[in-house]
Amino acid sequence: MKIGVRILIFCMLIISCKEQVQDASLNEGIWRVELEVMDNQLLPFNLKVNKGENGEYIMKILNADEVIEVDEIKIFGDSIIMQTPVFEGYLAGTFTNSSITGSFVKESLDRIVPFKAVYGEEERFSIKNSSKKNVSGIWETYFSPHTDDGYLGKGIFLQEDNKVTGTFRTTTGDYRYLDGVVDGDSLKLSAFDGAHAFLFTAKVTDSSMNGIFYSGNHFKEPFIASRNEGFDLPSPDSLTFIKEGYDQLAFEFPNINGVTVSLADDQFKDKVVIVQLMGTWCPNCLDETKFLVNYLEQNPNEDVAIIGLAFESAKTKEKAIKAIERLTDRIGVRYPILLAQYGSYDKAEAQKKLPMLNHVLSYPTTIFIDKKGDVRKIHTGFNGPATGDKFLEFKKEFNGFIDQLLQE
């Protein structure tokens with residue numbers, strides 16, 4: 001797999017060095033992109049292509065209510081590289097005015113997913129039958145049921161005719177803006193954001209689902225679900241905690257300039273501090289980072305400080321720092337993000353860096369520290385905008401809790 005990634009990148013570089021008389025052009029409008037995942041399944045998403053005032057291409061990845069603008073696009077003759085925002089993943093291939101063939105590449109994980117894109121096809125999933133079932137409502141979900149790797153989820157869906165939108169929440173975050181259909185008694189949902197490519201397929205009855213969850217072409221697991229309007233997940237504030245024998249959180253990690261930063265530094269003294277365990281590869285972390293940036297902009301207060309601890313998949317320190325810099329520049333992050341780990345975001349290894357925690361269960365994990373330096377709450381995961389009311393509930397609780405700590 002490593003060789004495949006290197007060959008693809010090398011070929012693109014060779015193409016970029018050739019002199020081209022005239023670049024090919026892409027048709028403007030809606031495209032349907034299909035990634036080849038496991039079991040001969042296709043993971044579709046929609047892409048809107050437009051040209052800016054200067055003739056440059058601007059693309060938008062569409063997932064239900066989510067719109068992801070892609071403005072880092074390079075074209076060499078009939079070859080194209082589409083760099084997704086913030087994340088390292090990119091789409092690379094060759095094209096005509098109405099088709100693109102290539103691969104979705106994540107270099108740090110040595111992953112290549114073939115794809116094809118066709119202009120003018122607006123349907124995300126082709127529909128053969130009118131919907132026989134309606135999945136609107138709450139679903140108690142079990143991923144990898146009856147195994148040691150099993151975990152809980154909460155499906156939240158809205159269906160209008162064949163069209164379905166919603167997400168699965170878990171104790172560690174949500175599965176993004178899922179967009180799909182019910183075709184007869186078959187549920188099909190997908191999401192693509194440049195970091196993850198998710199596909200859910202299931203057979204549904206009025207009260208049950210039985211399906212498979214695919215992540216790219218490297219992972220799949222079964223899931224089952226049953227209707228339960230009263231179901232909820234365990235509180236995200238109860239899953240991670242400071243172990244006995246430890247009084248406070250403590251760490252020393254370098255910032256992107258190589259300067260070691262510690263919670264004991266004067267800049268954090270007598271302040272409410274929010275510590276964010278995150279990674280630049282993580283969509284839920286991106287959601288939380290945007291939330292925190294927005295919070296600081298709307299609530300400027302010198303008595304509040306935020307620190308990000310980045311656990312990066314990039315294989316080298318230099319690439320990890322570049323990823324942090326890219327996130328900082330693209331999102332407008334004004335708080336320090338320290339490099340806690342690179343080469344892997346393995347949670348067991350991350351927990352060794354923070355031995356006072358019972359475990360690192362999720363990226364992101366958010367630690368709230370009061371003015372005395374005591375950990376007052378640890379929030380596991382993040383319910384992003386795709387979760388609707390749950391995101392609004394989190395926002396209200398977050399604001400209220402910070403206000404409480406500031407008044408103490």
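Guide: Helix 2 (residues 283-298) packs against helix 5 (residues 389-407) at an angle of about 45 degrees, the axes being 12 Å apart. This is a predicted model, where local features need pLDDT of at least 70 and side-chain atom pairs count only at pLDDT 80 or more, while totals for chains, interfaces and linings use all residues. Residues are numbered from 1 along each chain as its sequence is written, and side-chain values use heavy atoms, leaving out hydrogens and water.

Visitor: Why is helix 2 called oblique to helix 5?

Guide: Angles under 35 degrees count as roughly parallel, over 145 as roughly antiparallel, 65 to 115 as roughly perpendicular, and the rest as oblique. The angle here is about 45 degrees, so helix 2 is oblique to helix 5.

Visitor: Which residues of helix 2 and helix 5 meet?

Guide: Phe 291, Leu 292 and Tyr 295 of helix 2 meet Phe 391, Phe 394, Lys 395, Phe 398, Asn 399 and Ile 402 of helix 5 (contact means heavy atoms within 4.5 Å).

Visitor: What makes Asp 110 count as buried?

Guide: Buried means under 20% relative accessible area, exposed over 50%, and partly exposed in between, with a 1.4 Å probe and protein chains only. Asp 110 has 17% relative accessibility, so Asp 110 counts as buried. Its phi is near 55 degrees, a positive value in a residue other than glycine.

Visitor: How do you know that Ser 144 is buried?

Guide: The relative accessible area of Ser 144 is 10%, so Ser 144 is buried. Phi of Ser 144 is positive too, near 45 degrees.

Definitions and conventions. Axes are lines fitted to C-alpha atoms, for helices over the stretch in contact, and angles run from 0 to 180 degrees between N-to-C directions. Helices (H or I, at least four residues) and strands (E, at least two) are DSSP runs, numbered from the N terminus.
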